Amino acid sequence: MFKVRIRHLPGNEDLPLPRQMSAGASGFDIPAAVTEPVILSPGKRGLIPAGFALEMPQGLEAQVRPRSGLALKKGVTTLNSPGTIDADYRGEVGVILINHGEEPFTVRRGDRIAQLVFQEVPAVRLEPADDLASTARGAGGFGHTGK
C-alpha cells in the first residue's frame, strides 16, 4: 500500500478532502474549491481549483478522471483526460471541466466534479535503436483492423 500525503490549501479547510464514496470505489471524488459559482456555458471549459495538494512517492501518479454521473446527466466531463499529477508536483490540483451539454452548468463550492485515481508508474528507460523487431501488425494503427 502506498502512503499519499494530502493537505488543504489555505482557505479550503471547510471542504472535504477527496474520498471514496463506496467500499469498492477506485476513485476519490474531488470537490470544487471555487470561491464563487462558475458557470460553464455549452461548449465552454474552465480550470476549477480543488483546494488541496498531494505528496506522492516516486512510482505513483494520480489521474484526474471524469465522474460518470456528470457526463451522463449533464454532459460535463474533464479535458486532458486522464489528467496526470506527477509524483514531484506539489501545487494545487486543478480540474479542467468542459460542458458538452445543452444547458449552462454551474459549479458550486464543494460540488464533486471529478475523481482521483492512483496508478503505479513503472520505471522505464528508453533505448535508442537503429531498427525495431517486426510484428504481424507492423505500423498499422488508427482503425487498421476495420470496424
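Tutor: Strands here are DSSP runs of type E with at least two residues, numbered from the N terminus. The model is a predicted one. The part to look at is strand S4, which covers residues 45-49.

Strand S4 belongs to an open sheet of three strands, and the order across this sheet is S4-S9-S7, with antiparallel pairing. S4 and strand S7 (76-78) are the edge strands, each pairing on one side only. From one strand to the next, the twist averages 35°. In general, strands of a sheet pair through backbone hydrogen bonds, either parallel or antiparallel.

The partner of S4 is strand S9, residues 94-99; five bridges connect S4 and S9 in the antiparallel sense. One of the paired positions is arginine 45, whose bridge partner in S9 is isoleucine 98.

Now take a residue within the strand. Leucine 47 lies in S4. Leucine 47 counts as exposed because its relative accessibility is 65%, and the cut-off for exposed is over 50%. Together with Leu79 and Ile96, Leu47 makes a nonpolar surface patch of about 260 Å².

For orientation, here is some pairing around another strand. Strand S11 (residues 112-120) pairs with strand S2 (residues 28-31) in the antiparallel sense over four bridges; in that pairing, proline 31 has arginine 112 of S11 as its bridge partner. Strand S6 (residues 60-65) also runs antiparallel to S11, joined by six bridges. Alanine 62 stands opposite phenylalanine 118 in S11.

Definitions and conventions
Residues are numbered from 1 along each chain as its sequence is written. This is a predicted model: local features need pLDDT of at least 70, side-chain atom pairs count only at pLDDT 80 or more; totals for chains, interfaces and linings use all residues. Side-chain values use heavy atoms; hydrogens and water are left out. Two strands pair if DSSP finds at least two bridges between them. Patches are made of residues with over 30% relative accessible area and no salt bridge: like charges are joined within 9 Å, nonpolar side chains (Val, Leu, Ile, Met, Phe, Trp, Tyr) within 5 Å. Accessible areas come from the Shrake-Rupley method with a 1.4 Å probe; for residues, only the protein chains shown count as cover. A salt bridge is a side-chain nitrogen of Lys or Arg within 4 Å of a carboxyl oxygen of Asp or Glu. Buried means under 20% relative accessible area, exposed over 50%, partly exposed in between (1.4 Å probe, protein chains only). Axes are lines fitted to C-alpha atoms, for helices over the stretch in contact, and angles run from 0 to 180 degrees between N-to-C directions.
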